[in-house]
Amino acid sequence: MVRLLVVDANRADRRLIRHQLNGVDGVAVVAESASYPDAVRIARSERVDLVLLDLQPQRPEGFAAIRAITSGDSAVPVLVLSDNSEREQVANALDCGAIGYLVRRHDLPNLGPAIRSAAKGHAVISSRVVTKVVREFVRRGRQLRPEGVGPAGGTVLSPAELAVVSHLSGGFTTNEEIATQLSISVNTVRAQIAQSLRKTGTANRTALALWGLRNGLDRRLEAGGKPAA
């Protein structure tokens with residue numbers, strides 16, 4: 001059973017979350033908080049397995065609360081649920097230690113499975129922000145990677161798989177986008193992604209994109225989006 005602490009300043013929103021989780025197998029709301037300082041205290045004093053935290057852009061102390069809750073000997077994972085889907089806020093929340101980020105209007109209907117997954121230690125990123133997250137990692141990777149570091153991973157993936165993962169790591173996050181860029185079918189992209197996941201041992205598309213970034217595959221793309229020779 002996942003023992004959940006819900007953090008939201010809006011009482012109606014807390015009630016809505018309780019209603020949404022009512023009867024969901026394996027999840028129980030055991031505590032609520034309307035403030036970030038109280039959330040830190042409750043997370044440390046109560047035996048909760050996960051904190052579901054509403055992150056308000058006008059309240060930067062929320063980031064400090066995430067850091068406090070997810071650090072130290074009594075660390076508890078934090079899953080953000082927010083109305084805000086701006087790239088900077090999502091990236092900052094993850095940087096502060098959040099295990100995932102959900103967009104309220106989009107992800108509330110599937111909140112139960114997301115909570116169970118996050119409580120097991122799996123990263124949970126809304127499909128509404130995953131493209132922004134990947135592109136932010138691309139931006140940071142290009143800033144941090146020394147010039148002259150070339151692409152790797154050639155012994156792991158076939159040339160066709162490398163082309164697909166290069167585009168995925170370069171910011172083309174949907175099968176349709178990649179298919180258009182490579183002039184291949186969506187089914188072919190889907191098959192190449194599945195093979196690449198298996199060969200690299202990555203769990204999902206986001207993890208595969210980050211694997212590509214670590215191996216410099218985004219550098220295979222020229223300015224026009226074509227695989228480099």
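**Reading strands and helices in a predicted model**

Guide: Strand 1 (residues 2-7) runs parallel to strand 3, to which four bridges join it; strands and helices here are DSSP runs numbered from the N terminus, helices being H or I of at least four residues and strands E of at least two, and two strands pair if DSSP finds at least two bridges between them. The model is predicted, with local features needing pLDDT of at least 70 and side-chain atom pairs counting only at pLDDT 80 or more, while totals for chains, interfaces and linings use all residues. Residues are numbered from 1 along each chain as its sequence is written, and side-chain values use heavy atoms, with hydrogens and water left out.

Visitor: Which residue of strand 3 is the bridge partner of V7?

Guide: The partner of V7 in strand 3 is L53. Strand 3 (residues 50-53) is also joined to strand 4 by three bridges, again in the parallel sense, with L52 partnered by L79 and V51 standing opposite V78.

Visitor: How is the hand of the unit made by strand 3, helix 3 and strand 4 to be read, and what is it?

Guide: With the strands pointing away from the viewer, a crossover is right-handed if the path from the first strand over the helix to the second runs clockwise. Strand 3, helix 3 (residues 61-69) and strand 4 make a right-handed β-α-β unit. The chain then crosses from strand 4 through helix 4 (residues 87-95) to strand 5, and this β-α-β crossover is right-handed. Strands 4 and 5 (residues 100-103) pair in the parallel sense over four bridges, and Y101 is the bridge partner of V80.

Visitor: Which residues cover the two sides of strand 4?

Guide: Buried means under 20% relative accessible area, exposed over 50%, and partly exposed in between, with a 1.4 Å probe and protein chains only. In strand 4 (residues 78-82) five of the five residues are buried, with V78, V80 and S82 on one side and L79 and L81 on the other.
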